[in-house]
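I opened the model to look up a few things and kept notes as I went. The entries follow in the order I made them.

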Amino acid sequence: MLLNAVVGGCSLFSFILMMLMNDMSFAFQSSQANNLSHRGVGVLWNNIGKHHRQCGGLYQISAISTNTIGGGKKMTKIVTPPNHALLSSSYLASHRRRRHHHRCKKSQLNVADVTTSGIAVSDEDEPSGGEKTAPAQQNKTKRDAFPLVLWRFTRPHTLIGSALAIPALHILAAPTYQQAFSTAAATSTLFAMIPSLLMNLYITGLNQITDVEIDKINKPQLPIAAGDLSIGSANVIVIMSLILSLAMGMVPSTLGSQGLNVALWGSGILGTLYSLSPFRLKRFPLLAAFCIVAVRGAVINAGFFAHAMTAAYGVETTVLDCLRNNARCLLSSLFFAIFGIVIALMKDVPDAIGDAQFNIRSFTVRIGQIKVFTAMRRLLTGLFFGVGLGFVQSAFFGTKDTISLTLRCCRIIVALCAFGAGLSVRKEAQNVNAEDSGEVYKYYMHLWKLFYASYLVLPFAR
């Protein structure tokens with residue numbers, strides 16, 4: 001069974017690496033799509049108001065929701081009269097030319113996507129030559145193959161973070177670097193990675209299943225929202241992932257350690273409470289942030305640290321013992337808990353429109369995108385600079401007689417990387433408009449890259 005687990009782990013890890021390049025390209029396209037979708041809503045309100053005044057009131061605008069974002073803009077839906085529910089761009093063009101040619105511009109407002117109950121999110125020019133493009137042709141896209149759909153369904157940026165965390169924590173927990181690269185450490189790493197990635201798939205998949213309508217506004221590129229994956233298939237995937245993940249944690253050996261089970265069960269329970277009704281803790285900002293911070297901080301870091309100590313290095317211990325008695329476990333958990341706060345709150349900034357419409361009262365909806373964005377940028381910058389200063393102090397001003405040259409070099413590496421990451425947080429944020437969802441999403445993904453880099457540097461944090 002152990003051999004099968006190791007082989008399975010290698011196969012899964014190879015799959016992740018193979019799909020990484022595809023994901024990078026897809027992520028770029030997705031960010032562009034998000035940019036157009038979110039900016040399109042705001043731009044379209046102004047355009048529709050202008051054309052409504054100029055072109056005789058072919059459609060009506062009514063503010064039907066009282067939700068606001070940070071006390072600012074109201075959420076507005078566009079409602080058309082029943083007999084104009086599917087007006088084509090060419091019809092509008094001819095109508096404007098007949099009635100108000102001297103007042104209307106040549107640019108066209110495409111309202112083919114505006115229905116009696118829908119929100120318009122597109123703002124396109126009329127096709128050249130005045131040819132009418134059918135809505136079905138405009139929306140027709142080539143569907144991805146199932147492996148790529150499944151890869152998108154995993155929310156790869158979270159999956160990669162989990163895949164990097166486990167080997168990094170095994171090296172950090174090792175008494176010596178030589179033991180970190182032993183056969184026992186490699187076996188423990190691969191065995192823990194399989195159920196943890198399955199649990200990651202369960203959590204992110206469940207969130208997509210319960211947020212389909214919200215994702216159609218905030219993240220229309222996700223597989224279920226885009227129509228590439230059915231709800232039934234998604235249910236099968238998440239249920240099987242949960243069962244297989246928890247089953248692997250129950251292996252009657254040191255590989256099925258207490259630390260591994262705390263990580264799996266803790267993540268699964270909090271992920272379920274976060275997304276699933278009647279709990280759905282994501283509706284409450286503090287509880288939603290707690291779920292993400294707990295998983296990214298104590299549950300994952302302390303859990304897999306304790307698992308490494310037991311399964312790889314033969315030291316029987318528990319999660320609480322590691323947090324109480326091991327400074328490396330405690331400080332790494334604290335660092336990633338604070339980073340988790342940034343991720344938890346920053347991810348809501350580009351989702352403000354859909355969250356407000358569906359009454360998800362996140363901090364962004366309550367106090368505004370600019371305030372949350374600025375606060376999280378400052379928090380993460382301070383975290384990196386604080387870590388850098390701490391390691392500089394321990395490398396040069398600690399007890400010199402007890403610090404080896406290797407250890408001093410490791411601390412210098414961590415300090416330099418921390419300062420570089422802190423500067424990167426500030427630099428990348430300089431030209432970001434916090435109310436532009438596309439720009440914020442791109443910056444949010446940059447923070448995930450720093451999250452990955454933090455785990456790559458973690459083994460040197462001794």
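Entry: a charge over a ring. I began with Arg-462, whose charged end sits over the ring of Tyr-177. The distance from the charged end of Arg-462 to the ring centre is 4.5 Å. I note here that the model is a predicted one.

Entry: the chain overall. I counted secondary structure next and got 18 helices and 2 strands. The chain has 462 residues, and 52% of them count as buried. I then took the contacts between residues at least 6 apart in sequence and found that 75% of these join residues at least 24 apart.

Entry: aromatic pairs. I searched for ring pairs and the structure returned 13. One of them is Phe-336 with Tyr-455, with 4.0 Å from centre to centre and 10 degrees between the planes, and it is stacked. Phe-336 belongs to helix α13 and Tyr-455 to helix α18, so this pair ties together parts 119 residues apart in sequence. I checked the burial of Phe-336 and Tyr-455, and both are buried.

Phe-339 is in helix α13 and Phe-384 in helix α16 (residues 369-396), which puts the two 45 residues apart and makes the pair a link between distant parts of the chain. Phe-339 has 0% relative accessibility and counts as buried. Phe-384, at 3% relative accessibility, counts as buried too, because the cut-off is under 20%.

Which residues make up the aromatic cluster? I listed Phe-335, Phe-336, Phe-339, Phe-384, Trp-448, Phe-451, Tyr-452 and Tyr-455, which form one cluster.

Entry: cavities. I searched the whole structure for cavities of 30 Å³ or more and found 2. For the largest cavity I recorded a volume of about 900 Å³. Its lining takes in 50 residues, and those nearest the centre are Ile-203, Thr-204, Tyr-274, Ile-292 and Lys-347.

Which helix gives the most to the lining of the largest cavity? The answer I found is α11, with 9 residues. The helices that each supply at least two lining residues are α5 (156-173), α7 (183-210), α8 (212-218), α10 (258-275), α11 (285-312), α13 (327-346) and α18 (437-457). I sorted the lining of the largest cavity by class and got 27 nonpolar, 13 polar and 10 charged residues.

Entry: helix α4. I asked which residues of α4 (residues 146-153) are buried and got Val-149, Trp-151, Arg-152 and Phe-153. Following α4 is Arg-155, and its phi is positive, near 55 degrees.

Entry: Ser-424. I placed Ser-424 in helix α17 (residues 405-429). Is Ser-424 buried or exposed? Its relative accessible area is 18%, and buried means under 20%, so Ser-424 is buried. Leaving out residues up to four places away in sequence, I found that Ser-424 touches His-446 and Leu-450.

Methods: Residues are numbered from 1 along each chain as its sequence is written. This is a predicted model: local features need pLDDT of at least 70, side-chain atom pairs count only at pLDDT 80 or more; totals for chains, interfaces and linings use all residues. Side-chain values use heavy atoms; hydrogens and water are left out. On a 1 Å grid over the protein atoms alone, a cavity is a set of points where a 1.4 Å probe fits but cannot get out, and a pocket is an open set with protein on both sides within 12 Å along at least five of seven lines; lining residues have an atom within 4 Å of a point. Grid points are joined across faces, edges and corners, and a volume is the space filled by probe spheres set on the points. Helices (H or I, at least four residues) and strands (E, at least two) are DSSP runs, numbered from the N terminus. Ala, Val, Leu, Ile, Met, Phe, Trp, Tyr, Cys and Pro count as nonpolar, Asp, Glu, Lys and Arg as charged, and the others, Gly among them, as polar. Rings of Phe, Tyr and Trp (its six-membered ring) pair if their centres lie within 6.5 Å; planes under 30 degrees apart count as stacked, over 60 as edge-to-face and the rest as tilted. Buried means under 20% relative accessible area, exposed over 50%, partly exposed in between (1.4 Å probe, protein chains only). A charge sits over a ring if NZ of Lys or CZ of Arg is within 6 Å of the ring centre and within 35 degrees of the ring normal. Contact means heavy atoms within 4.5 Å.
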